[in-house]
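Here is a walk through one chain, from the record's annotations down to single side chains. Have the model open as you read.

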Amino acid sequence: MDWEALLLSIKLSSVTVLILIPLAILAGRFLAYRHFPGKSWVEALVMVPLVLPPTVIGYYLLVGLGSESWLGRMLEQLLGHQLVFHFSGLVVASILVNIPFAIQPIQRAFEAVPEDVRDAAACCGMSRLKVLFKIELPMVWPGVLTAIVLCFSHVLGEFGVVLMMGGNIAGETKTIAISIYDSVQAFDFASAGNMSLVLLLFAVTVLALTTSLSRRVGGQHVANRR
């Protein structure tokens with residue numbers, strides 16, 4: 001087991017979730033409640049990372065944020081280092097790749113909130129911020145939990161975009177997925193199998209717990225309505 005790569009992957013997943021989920025809550029709520037010209041195009045843009053190969057996204061990030069681009073040079077001057085082949089670059093790449101996994105479940109959860117509930121809260125004089133924290137978030141938290149689990153698990157297994165954007169630098173950009181690839185390349189199938197099994201067990205366990213919690217919460221909502 002490559003513990004350094006595993007810990008780096010967990011760190012990358014955690015940072016991505018902490019940054020992306022609050023933004024996804026705002027974006028998902030906006031897309032759920034607002035109707036505007038071009039909304040379908042915005043939703044399609046959100047879904048693009050699902051159909052584009054990760055290596056394509058990684059290529060555009062590598063070119064757009066590299067030292068040869070004006071944006072890459074500007075960011076290097078501001079940050080003091082390049083985003084490419086750096087952990088911070090992996091965070092940017094992971095956020096972009098996981099946008100649909102974060103926004104979609106949260107948007108669907110907000111769409112399921114009854115409109116009369118929000119209208120009643122507004123009639124009681126509650127501000128939009130108070131409605132969000134007191135009324136909506138307690139009702140949509142299963143969608144938020146699903147988004148957290150999907151993003152965290154997906155980042156753990158990212159390979160193409162990580163390799164394109166960060167390369168294979170131990171302790172900096174070498175994640176568990178790249179470590180598995182290196183083990184296979186070195187014909188160390190025992191190590192590759194052990195690391196793959198850890199990721200498989202983690203994914204199955206977390207998804208099973210999330211499904212169970214979502215069903216339990218859904219049953220409680222049905223019971224409360226009755």
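**Ground rules**

This is a predicted model, so to speak of local features pLDDT has to be at least 70, and side-chain atom pairs count only at pLDDT 80 or more, while totals for chains, interfaces and linings use all residues. Residues are numbered from 1 along each chain as its sequence is written, and side-chain values use heavy atoms, with hydrogens and water left out.

**What the record says, and what the model shows there**

The unreviewed UniProt entry puts "domain: ABC transmembrane type-1" at residues 6–210. UniProt positions are in the numbering used here, feature names are shortened, and annotations may be inferred rather than shown by experiment. In the model, residues 6–210 are 80% helix and 0% strand, with the end C-alpha atoms 22 Å apart. Helices (H or I, at least four residues) and strands (E, at least two) are DSSP runs, numbered from the N terminus.

| Span | Helix | Strand | End C-alpha atoms apart |
|---|---|---|---|
| Residues 12–32 | 100% helix | 0% strand | 29 Å |
| Residues 44–63 | 90% helix | 0% strand | 23 Å |

**The core**

How many residues does the largest nonpolar core have? It has 46, and those with the most contacts inside it are Ile21, Leu61, Ile106, Phe110, Val161 and Met165. A nonpolar core here is a set of buried Ala, Val, Leu, Ile, Met, Phe, Trp, Tyr and Cys residues joined through side-chain atoms within 4.5 Å. Buried means under 20% relative accessible area, exposed means over 50%, and partly exposed is in between (1.4 Å probe, protein chains only).

Helices that each supply at least two residues of this core include α1 (3–33), α3 (54–65), α8 (128–156) and α11 (189–225). The top contributor is α1, with 11 residues. Take Ile21: leaving aside neighbours within four places in sequence, Ile21 is in contact (heavy atoms within 4.5 Å) with Ala102, Ile106, Val144, Ala147, Ile148 and Cys151.

Helix α5 is mostly covered, with eight of its 11 residues buried. Those are Phe87, Gly89, Leu90, Val91, Ala93, Ser94, Ile95 and Val97. Among the elements doing the covering are α1, α2 (39–51), α3, α6, α8 and α9. Phe87 also has Lys11 over its face, at 4.6 Å from the ring centre; for that call, NZ of Lys or CZ of Arg must be within 6 Å of the ring centre and within 35 degrees of the ring normal.

Asn98 lies in the loop between α5 and α6. Is Asn98 buried or exposed? Asn98 is buried, with a relative accessible area of 0%. A polar atom of the Asn98 side chain lies 2.7 Å from the backbone oxygen of Ser94, and the Asn98 side chain makes a polar contact with the side chain of His154 (2.9 Å). A polar contact is a pair of N or O atoms within 3.5 Å; within protein, one must be able to donate a hydrogen and the other to accept it, and residues adjacent in sequence count only if both atoms are side-chain atoms. Not counting residues up to four places away in sequence, Asn98 touches Leu20, Cys151, His154, Val155 and Glu158.

**Arg29**

Arg29 sits in helix α1 and is partly exposed, at 22% relative accessible area. Arg29 and Phe110 are 81 residues apart in sequence, yet 5.9 Å apart in space, C-alpha to C-alpha.

**Aromatics**

The structure holds six aromatic pairs. Rings of Phe, Tyr and Trp (its six-membered ring) pair if their centres lie within 6.5 Å; planes under 30 degrees apart count as stacked, over 60 as edge-to-face and the rest as tilted. One of the pairs is Phe152 with Phe202, tilted, at 5.9 Å centre to centre and 45° between the planes. Phe152 is in α8 and Phe202 in α11, so this pair ties together parts 50 residues apart in sequence.

Phe187 and Phe189 make an edge-to-face pair, 6.2 Å centre to centre and 70° between the planes. Phe187 is exposed, with a relative accessible area of 67%, and Phe189 is exposed at 52%. Phe187 lies in the loop between α10 and α11, and its phi is near 60°, a positive value in a residue other than glycine.
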